[in-house]
Amino acid sequence: MNCHTKISCCVCFSIAMLVTVGGCRQSVVKSVPTSTGEATSATITAENAGDQAEDASAAESTIVGIDGAADVHPQADVDTNTDAETSPAAAHGPEAVGLRNADAETDSSTQAMTQQVAGPATIAASSPASEQTSGSDQSPAVELPTRESQPRPRDLPPTERVILLTPGGPLVVDIEITIDGDVHSSALEALVDDAFAAADVDGDGQRTWEEVANSPRFMYGQFGNLPITDDAQKSQLITMYDRNADGLVDRDEVPRFVTRNVGRSRSFSLRSSNEFRSASRSRSPLRQLLDFDHNGAITSDEMAAAPARLLSQDADDDQIVTLADFKDDAQATPGRMSNRRRTTEPETAILINDRTKWNSASYILQELYSFGDTVQASDWPLTPELFATLDTDRDARLGSAEVEQLATVRPHLRLRAQFGIQDAEGGSRKTSLELDVVDPAIEALVTSKRSYARRVSIELTGVEVEFFVNEDPALNNYEEVAQGQFSTLDTDGNGYLEASEVPNQLPGLDIPFAGVDANQDDKIEVQELANFLNLRQRAYRGQVRARAADQEDALFTALDTNGDGRIHARELAATPDLLAKMDSNQDGDLQSHEIPGSMVVGLVRGNPQQDDTLFVMPTETTDASSQNVPRWFLGMDTNRDGEVGRHEFLGASNRFDTLDKNADGFISPAELPPEMLGDG
Amino acid sequence: MFRTAWLGAICLVWGIPVIALAQFEQGISADRRLEMVRQIDALLDARLQEADVVAGPRANDAEFLRRASLDLKGVIPRVADVRAFLTDTAPDKRAQLIDHLLSSPRHATHLANSWRQFMLPAGLGLQQIQNVAGVQNWLRSQFSLNMRYDRVVSDFLVATGGGDAGPALYYTSLELKPEKLAASTSRIFLGLQIECAQCHAHPFDHWKQEDFWGYAAFFAQLDQSQAMNNPGAQVSLIDLPDGEVTLPDTQTVVPPKYLDGAADTADQRGSRRVQLAIWMASRDNPYLAQATVNRVWSQMFGRGLVEPVDDLGPHNPPSHPQLLAELTDYFVETGFDLRELYRTLARTDAYQRSSAVSSDEPPPPELFATMAIKTLTSEQLYDCLNQTLMRRTADQPDFLPAAQGLFDPRRLAFAAKMNMQGGNATEFEAGILQALTLLNGSETAAATSVDQSSLLASLEAPWFADHERVEVLLLATLSRPPSEQENATFLAHIAAAADEKARQRAYSDILWALLNSAEFAMNH
């Protein structure tokens, strides 16, 4: 965009500000409800739905007086972010409505599927349109919605909608996320509110960026922003965050400021990692190992020889084969999710919200399922009912308008992810995950479902999907860290730290003294330090990031029936039968496309720089100890597969035969006589 | 054989895969193997007779099992394996055991480990860990396919990177300097120490300065690809069209010259490294097969036919010249088949002799009258501890990268502490640090802790009688059942315990004592 528009935008904006200062702004500030179904979300997402949108947008536009194109200029700056999934972060608030069209033009990323954090007028986060149109009451079109005037939240809590692109067809997954018991957007909202309120440092009713840059409450990075140490940084800060360059802090400018992240200043975001989209099955390392004659299929002879072949790769001879045994990668981490994206591969998942680019979504579906042609029913063998539901004009093909209904159809799966739930005694915080299959047609196709505390895996015909949650424990340990620092530094033991006890910056924490001393009494108490650390982590605590990817080796995960990332002796023995079962057309050859797909979706919370360590699937399995298994049994079970094999057994051979009742070469806890259980 | 080797070498130049060829040409018939086994014993016995020394007795089954497991698999056998072998009544069970060990996947890992240790003697410092791991993984993949050894060496020499990242890392660890590469490759592959000749004529051997630099000239045209400057990128080597070495402090260019004095390379195609690789694998090269045979012999018997193993030459004659010559021919005959070589040596009577010495004065080691006692490397010791103590695998917290094998931080730390500097396998050069580590270190403490040790927990099984528990401890550590006296001593110690807790501590004491015994820490 060019300067003219920017200037005119500024002029209009200033006029508009003069007109609407005071009461209107108050109402704008107050209107930050936490639940969905609010009218303005409806107005934004229901652009297709007609009039109310127009009226509401008109109402909002009068406040700000900015035409749609206006904010494009600052947005163009931020388009340089490398995270391909996101469109420019901000565009909350009043501009958001008008900006819808502008975004479509200026967004440089092709797959911008992001979630919009509630701005003052746009209210809550994620609500997918399906929740709204199913019987919501739209608020009155003309007046600016405030928190008080919002309709009561409906029964269903707010969810994020993700379309998971499995090989057999798209799965619609609604994800309900809570943080500390509240809907997930509220944590970040509360932080933004606090920062926004604190921005009026001198209490004159005006919030300016100058004030913020000079305020000791911000300049040490308390709110998660970068510390400001010199004048050059101050002006950089102002330029970067004051996107409409009016010198004033607008509420919609705050999220980027506190999360320091252009692309991810929202409470939920999704990254579709497509590195193994086609390689997962066709170039699976395990398939290549078993396909000894390299003819592209695993023949029945090769199936029979599979256990021996697998064992030949067991480098440490513990009768367990892991993925690392096949790969040359010296430090393969089992369960780590790939972060890489290839431009030549189709997407793994699409995030559906009010900012979804439907023509991109339509294109993605065509590219993946129908080789670029329009999608037909036969392209989705897993979800034909979904096709029928979307194909409203019954022409046996899906046009792009019909694809947009993905936002409103009923979901197949419903996931509930809870972050930061405190356990009963108020001790440590945990995360947990639950999955419900809500669509009966999908329910009929479920062959197995395994639930653990932080991980759920579900097997359908032709695909296996694993969901997991993970959290950085560093998010909540600020009390301990503060205590630790205190005990190290408070050498005179008077209960507080003086400037003399503290080196220039608190060691390891990069915080100068003045930053922590909130009440400026030249003493730092434990609580002040804890509060500081707490505040700094608040932005991370309020954001959940999701990553969807294919497993690196679909055949390996298919053979690893208990999902612990290792093929142990019993699974090895079962391999030939499993391979034969996968051969769906029973022609004796297992081809790549007959291998079930294997996908993972991870949800994490924590410092984005730690994402590569957080996006690692937890290897939870049914712990043998939970079954009241004796200690000696656990001791003998060296490879932790829950059973004691002949090679692990320490007693004499005839003793083994006595205990192994079904003579399958393994002693399972079930075979132990009752008097041995519960012992030790 | 000559034709085949030459054909294989040409295939190398023109890129035709020679795997099929190699597989047909590898291996040996059972009769020929038996003949060689008998010949080895005959030649050794003849020498013993000359020296008027009596050969030692045969090792018993437990001794043999432990020794063969350590030499062929790199780790002591499991309790279940010991029990199975000791109760097996098949007459050829030792031969079967050897075959079983050689076909185990751990054999390839063990070979890769051993080879890596003499190829990269600098050790497992953390800064070189990527180099080390690269080389070892590459070696392991070659050994697990039982690739012909001459082919392994050729591939190693001409590696450019990419899939052969391991060898490329070896090159870069020596900074691509011709003199360093010459000294290193001649030592590890050819058993020749020619680095003295870098500056002057070799004092003992016949190598002149021109010989050294003629060999170094083969490495003169190397460079690293400049395309990737970021540290995470893979190493990539390129062969330049020119580059020469000169005698130090002069301008005299030295053309490439093979070490056996064979004629010049002017009209041969391919880069200099390829030419060198062809010569390495060819019949004209007398050094490769001989050096390899000597090394394998020293790994099995604790001492090479030529000692030190990387210093072959007229100044260092072999203890059994005819044996070395015949074994070298045999190795070439099998198609440079390492697995066959190990199998043949393991089947000899000499390998199966006990290490026990009955007379006051032990016979000279070069006669091989008894089996030498070999030390374990620190990594081997750690692996043995791991095996004995039945450490549960996958003990890491969820979101830390799982450390496996080479990258296990505990293994690295242990190896660093116990690192014995001497290269000689039969000399135990542990000092106070190593002794204390074993006595009191965290590994031992965890191993013998009543709460943490899986082995001790397993002993709680109610169907064990006390003497069976003692037996398990001996089988797990020393791979043999206890003697009468040991039984009596240990059972008395347990009986003296007052309550359950004291009994558990008594078992812990016994385990600790066994772990610190010389019998555990040695390969005898």
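**A tour of chains B and A**

Start with chain B: its secondary structure comes to 25 helices and 6 strands (DSSP runs numbered from the N terminus; helices are H or I with at least four residues, strands are E with at least two). This is a predicted model, where local features need pLDDT of at least 70, side-chain atom pairs count only at pLDDT 80 or more, and totals for chains, interfaces and linings use all residues. Residues are numbered from 1 along each chain as its sequence is written, while chains are lettered from A and ligands numbered from 1 in the order in which they are written.

Colour chain B by pLDDT (the predictor's confidence in each residue, from 0 to 100). The mean is 82, and 81% of the residues reach 70 or more. Select residues 15–24 of chain B: pLDDT is below 50 there. Then select residues 393–404 of chain B, where pLDDT is also below 50. For the model, ipTM is 0.79 and pTM is 0.70.

Next, select helix 8 of chain A, residues 185–198. Its 14 residues reach 20 Å from first C-alpha to last. Its buried residues (20 or more other C-beta atoms within 10 Å of their own, with C-beta atoms placed from the backbone) include A:Leu188, A:Leu191, A:Val192 and A:Phe196. Show what the buried residues pack against: strand 2 (169–179), strand 3 (182–183), helix 11 (254–259) and helix 22 (526–541) of chain A.

Finish at strands 11 (448–451) and 12 (455–460) of chain A, antiparallel and joined by 4 bridges. A hairpin links strand 11 to strand 12 of chain A through 3 residues. Pick A:Arg450; opposite stands A:Ser457 in strand 12.

Methods: Two strands pair if DSSP finds at least two bridges between them. The expected span of a helix is 1.5 Å times one less than its number of residues. A residue is buried if 20 or more other C-beta atoms lie within 10 Å of its own, exposed if 12 or fewer, and partly exposed in between; C-beta atoms are placed from the backbone. Two residues are in contact if their C-beta atoms, placed from the backbone, lie within 7 Å.
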